[in-house]
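Here is a short report on one structure. Keep the sequence and the 3D view open while reading.

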Amino acid sequence: MAQFIDEKRKELEEKLCQSDAADKLQGVESSFKKVMKELFAEMKTLPNDQKKDVGAAINEFKKEFEERIAAAKKKLSEIQKNDAVIDLTVPSPEFIRGKIHPLIRVGRMFEEVYKDMGFSIAYGPEIENDRHNYEMLNMPYYHPARDMQDTFYLEYPKVLLRSHTSCVQVRYMLEHKPPFMIISPGVVYRVDEIDPQHTPCFYQVEGLVVGEGINLANLKWAVMESVKRVFGPEYKVKFSPCYYPYTEPSAAVDMGCIMCGGKGCRTCKGTGWMRVAGAGMVHPNVFEAVGYSRDTVGFAFGWGLNRLPMLYFKIKEMRKLFENEISLWEQL
Amino acid sequence: MFKFSYNWLKAESEIGADYDELLHWLDIQGFEIASIEDYGDDKAVEIEVKANRPDMLSVAGVLREFYAGKGRRQLKNFTPDVPLTLVDDNGVLSHKIDVKTPDVHRYCAVEIRGVDNTGETPAYIKDRLTKSGVACINPIVDISNYVLLQIGQPIHIFDADKVKGDIRIENVPAPTKFTTLASTEIELPKGALLISDDENPLCVAGIIGGHAPEVTAETKNIIIESANFDHVIERVTSKKTHVQTAASYRFERGVSVATAVPGALICIDMITKLCGGEYNKTGYLYTDGTSAEPQKLTVTKKRINALLGSELSVEQICKYLNDCFFGTVCEDGENIVVTVPDFRLDIEYDVDVIEEVGRMYGYQNIEPQPVKLYAPYVENPVNKNANKLRDMMVGFGFIEVLTYGFIPGNAMQMLHIKEDSEYYGDIKILNPLNNFYELMRPSLCFGLIQTAIANMSVGKNDLRIFEVGKRFFRQKDHEDGYNEKNVFAALMTGVKLGRGFGIVKDAKFSVYDAVSLLDAIMREYNIKYEIRQTDELGMFEEGAGGDIYVGGRRIGYIGKISRAVLMEFENGKLARDDVAYLEFCFEGFGESKRSIEFDSDYPSVTREYNLLVKNGIHFTDYVKDITGASDIIVNVSPRDVYTGIGVPKGFTSVLVRVEYNDPTRTLGFEEIADVEKKFLKALLDNHKITLKL
């Protein structure tokens, strides 16, 4: 019996030595299984007193070859790994994902945040009239912004390109009664020559919340919270007094300049801060103009949406947003 | 903006003025520091002053603000003790003064005779003026500017000997020409305030002087004007004449009537001390009735706290208001009667007072409170569709661009869009930046073509771009005669699938890809559409353009942009490959609700047929010949179109794939052959289409 085992050992060893490929190794495995069957069959024919010793020898044989086959398998797989014909580090150009414009991307982040807070989205026309854009917003005919140096007109002084999306809020208030929470994202126009930091049209996301109990602390929360959710909690925000004809009290929202980390640079004009929003409690004159009681309370805010993608994506020049250099947007 | 010398401010302060403390206080009060010029021992600080705070346009104003932060409620008295009697008699001076307009609120005129204006302006005045950005001229003019910067009261000084006869102040009845001190001729709008004598216009009140009464080194006798003009007429005149001076800047924002007399007194004091001369102890003061009495307003503790979201006590509120120079009386623990200081012209309503309380309390100390308001959420379908389209396009590998809403005045000619087309634009901006931004876009195509070519000029030739934006058009029965719609547009050109990785040759975009894109979008929305081929627009290559219809209504157009149009653009020759374009209005697109039809349990049979189609016959027409042949035809889709070798001229080879299926049984080949025969006959009979052999 020992001789038989030795024969089989030699046979398997020979095969194992030649097994330089997966299919050959598979052959060794099946031969091994066959040999084991033969050995056990042979053992059954032996007298009982020999069975114990032979059984131990067979088990030892089994264990030995199981280990040797496993080692051979491992070695082969390592060899195969190094010889692989496919380089999986090479992507084909098959799948290209498009990109959403950085301004819209950041705008949508804000939209999502405000939608989560319960705001609805309202739209309005870009060609507006002086009534919605100025008059009803407590900006009388002599207000500086109403000059042709600041506003684009189609028919002076009546028809113009909206200079803010606050006119959407006016339209909304004329058609709805409080309570409501809306944001009005959109394009606005101002007479600004194109230079690195100015473009004649830009984007705003304005918000308006009108309802009982609304206060300046709520406004501060709404603007601070949205910055926190979009940019992260570590971001520096400043909430300070300001002036707008359509809000009182009014506030300005500044964010720490991301370009210089607040040290002062060209982008932030050396101040370390970038003005990103104007806000305030809606002026009673505005409520009166839309037919509400002067005691109505509500707040409004307006994000200058050109600044935010600049901060978010570290875009140094505002005009780049409208130059549409595709290779830049591909980096997004 | 207001620029001042820090040392000047410190010199006027009775409590010192720590530089960092001053700047910090101004900053948290919303007066942004616009610039700082370092002079070593001094600094010129420029602050941004919003339109509501003209009282901050003087050293006294900034100092007062600093005092507010320190709780020091009394500013030093800038007015010197100069004996002067002011009378309402316009004949007390050497020239009679006649105010003939309601736009003058105060007119204080005093006279000094025998001045010597040949000397040098004292160094401290020159230093302070220069650092404040004001040029030095001669002692008397410099003193007038000094007073303006010191207390914010504009002063005008006439050479009394150059004034001929009476002085009149009136609104010009019609547009009037005026030559300024700088020898510039301007046209005053109707209603502007002009001061003239019997012979000449002397100055535009509160805005700019003229040559006639100019004060020079030789001047001996002067009339000092310290007046108050209406801010509206000042603003209108300044804007229309494009003249802005330190005086007009203040008048148009509002100057307190209370500083007219002090301004005159400071001038008398400084001029007589520095230039000599004797002043007339009686001056003229015109008053129109505008009250100099402090305004009183009532605010309640409840409303203050409700608006600020604070819990301030009456004591705190009164302290904050008193610190910024407001008077307060509260007798019932709730209603506070506030006396507004004369220099705060911006305080009109209780909310203005509440803002003062808020800023003195400190916006930085306001604790943010979450909004607790139930307001119903209203879905915005345009916003939803715009975002859905964007997401779809990202999936298709397109890049979003944003272009301006205005396009060049000659854009319609460049795009060859015909005047009678719905997409012809003629809405022009009255005051465009330049003629490149003159016309409101009637479609997005100009911006997209422009963007494509600009990218080609930096070597980016393979492009798939899209935009979501507004198109503008006239509509008589709509508000103001204009209307606008939200549209989607896409442009594709160059390689869509590059050679390599099994692709033998670059596959390039063609107009068929634009159709495929449209089809994919419409399928997503489950909208049935139709393309009606037409050359009506003018922008597309002949025979390669069409209108997109949904429910019988035209919503947009699609096609291959003609070479001639591309060549109208600078660098247009760089567009060597086909440029395919589509645009449509997506307003009204709804949610695509549909059920899923489960596949048949029986296998489908798919066959492809290469049809020879005469040009001009549309797939959407002859496909009905196929689908109409039998119910077992469940799908017919075009797989390729080809013209060239092997295809007769005037024909196109179209490969279509037909899928046969019956959900109740397995189809037999003979049955399919019968159906094939039937539709091939229909194709031949109806459209003369044969199989390409």
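Just after helix 8 of chain B, B:G276 adopts a positive phi of about 75°. Helices here are DSSP runs of H or I with at least four residues, strands are runs of E with at least two, and both are numbered from the N terminus. This is a predicted model, in which local features need pLDDT of at least 70, side-chain atom pairs count only at pLDDT 80 or more, and totals for chains, interfaces and linings use all residues. Residues are numbered from 1 along each chain as its sequence is written, while chains are lettered from A and ligands numbered from 1 in the order in which they are written.

Helix 8 of chain B is mostly covered, with 13 of its 16 residues buried. Buried means that 20 or more other C-beta atoms, placed from the backbone, lie within 10 Å of the residue's own.

## Domains of chain B

Chain B has domain 1 (2-70), domain 2 (85-287), domain 3 (296-364), domain 4 (381-585) and domain 5 (605-691). These bounds come from an automatic or database domain assignment.

The centres of domain 1 and domain 2 of chain B, taken over C-alpha atoms, are 26 Å apart. Their contact takes 15 residues from domain 1 of chain B and 12 residues from domain 2 of chain B. Contact means C-beta atoms, placed from the backbone, within 7 Å. On the domain 1 side, strand 1 (2-5) and helix 3 (59-70) of chain B each supply at least two residues.

## A three-stranded sheet

Chain B holds an open sheet of three strands in the order 1-3-2, with antiparallel pairing. Strands pair if DSSP finds at least two bridges between them. Strand 1 and strand 2 (33-38) of chain B are the edge strands, each pairing on one side only.

Strand 1 and strand 3 (residues 43-47) of chain B pair in the antiparallel sense over four bridges. B:F4 stands opposite B:V45 in strand 3 of chain B.

## Contact with chain A

The contact takes 70 residues from chain B and 71 residues from chain A. Several elements of chain B each supply at least two residues to its side, including helix 6 (231-241), helix 12 (381-395) and strand 23 (463-474).

Technical notes
Two residues are in contact if their C-beta atoms, placed from the backbone, lie within 7 Å. A residue is buried if 20 or more other C-beta atoms lie within 10 Å of its own, exposed if 12 or fewer, and partly exposed in between; C-beta atoms are placed from the backbone.
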